[in-house]
Amino acid sequence: GVLQNRLLLDYYIFNFSSLKPNKISPKILDILRVGTYQLLFMDKIPAHAAVNTAVGQAKRGNPKAAGFVNALLRKIEQNKDSLPEISGDASFVLSVKYSHPEPLVNKLIDVYGFDTAEKILRANNKVAKTAARINTLKTNTDKVIGSLSSRGIEASKHEFLENCIYL
């Protein structure tokens, strides 16, 4: 999730940070990304736990940065219901919102138009289905699906890849 939303996380971090992006060490920035992701996207991790874990990680590598990490994550947590709007031209907004490189977003907009480009970017961020390839030297697709089904495991044929199933 952190890697998939990196541009969006960075946008929020830099909006709340008192330091310029080039003044935050890569290690501390990674800690902030994980903490911010936990605060904004994970409901099962209490805010205090996300902040305390991030501060503990920062203390190990750079004790001076722990206060900065604490303050920044608490500021993000306090403002998570009113996060700053992403502003800029259309390609920048889509790039940050869906965490895709802006040149790719520009190309998608040029080829497909804004609305379809946004649909492609949104779909690309969805969790992919789990697929498995069938060893046809030992069995076939129908037998594997039947065997899995008898064990209560849902499986179906891939729509266009032969000898491949979705689980």
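At 6% relative accessibility, Arg-33 counts as buried (buried is under 20% relative accessible area, exposed over 50%, and partly exposed in between, with a 1.4 Å probe and protein chains only). Arg-33 lies in helix α2; helices (H or I, at least four residues) and strands (E, at least two) are DSSP runs, numbered from the N terminus. Leaving aside residues up to four places away in sequence, Arg-33 touches Val-2, Arg-6, Leu-9, Asp-10 and Ile-13, where a contact means heavy atoms within 4.5 Å.

The model is predicted, so local features need pLDDT of at least 70 and side-chain atom pairs count only at pLDDT 80 or more, while totals for chains, interfaces and linings use all residues. Residues are numbered from 1 along each chain as its sequence is written, and side-chain values use heavy atoms, with hydrogens and water left out.

The chain as a whole has 8 helices and 3 strands. In sequence order they follow the pattern α-α-α-α-α-α-α-β-α-β-β. The radius of gyration is 21 Å, well over the 15 Å that the globule rule gives for 167 residues, so the chain is more spread out than a compact globule. For that comparison, the radius of gyration is taken over C-alpha atoms, and the globule rule is 2.2 Å times the number of residues to the power 0.38. The C-alpha trace spans about 60 × 40 × 25 Å along its principal axes. Of the 167 residues, 34% count as buried. Among contacts between residues at least 6 apart in sequence, 53% join residues at least 24 apart.

Helix α2 (residues 26–41) also holds Tyr-37 and Phe-41, which are 4 residues apart and therefore separated by about one helical turn. Before these rings are described, a word on the terms. A pair of aromatic rings is described by the distance of the centres and the angle of the planes. Rings of Phe, Tyr and Trp (its six-membered ring) pair if their centres lie within 6.5 Å; planes under 30 degrees apart count as stacked, over 60 as edge-to-face and the rest as tilted.

A search of the whole structure finds 3 aromatic pairs. One of them is Tyr-11 with Tyr-12, which is edge-to-face, at 5.9 Å centre to centre and 70° between the planes. Tyr-11 counts as buried because its relative accessibility is 14%, and Tyr-12 counts as buried at 11%. Tyr-37 and Phe-41 form a stacked pair, with 5.0 Å between centres and 25° between the planes. Within that pair, Tyr-37 counts as buried at 17% relative accessibility, whereas Phe-41 counts as partly exposed at 37%. Ring pairs also link Tyr-11, Tyr-12 and Phe-92 into a cluster.

Next comes helix α5. The buried residues of α5 (residues 90–98) are Ser-91, Leu-94, Ser-95, Val-96 and Tyr-98. What covers them includes α1 (6–16), α6 (102–112) and α7. Ser-99 follows α5 and has a positive phi, near 50°.

Lys-126 is exposed, with a relative accessible area of 60%. Although 122 residues separate Lys-126 from Gln-4 in sequence, their C-alpha atoms are 9.8 Å apart in space. Lys-129 is exposed as well, with a relative accessible area of 59%. The charged end of Lys-129 sits over the ring of Tyr-166, 4.5 Å from its centre. A charge sits over a ring if NZ of Lys or CZ of Arg is within 6 Å of the ring centre and within 35 degrees of the ring normal.

The buried residues of α8 (residues 141–150) are Thr-141, Val-144, Ile-145 and Leu-148. They cover an arc of only 100° around the axis, which puts them on the same side of α8; the arc is that of the directions from the helix axis to the C-beta atoms. On the other side of α8, Asp-142, Lys-143 and Ser-150 are exposed. The buried residues of α8 pack against β2 (156–157) and β3 (164–166). At the start of the helix, a side-chain oxygen of Asn-140 reaches to within 3.1 Å of the backbone nitrogen of Asp-142. After α8 comes Gly-152, with a positive phi near 85°.

Key. A polar contact is a pair of N or O atoms within 3.5 Å; within protein, one must be able to donate a hydrogen and the other to accept it, and residues adjacent in sequence count only if both atoms are side-chain atoms.
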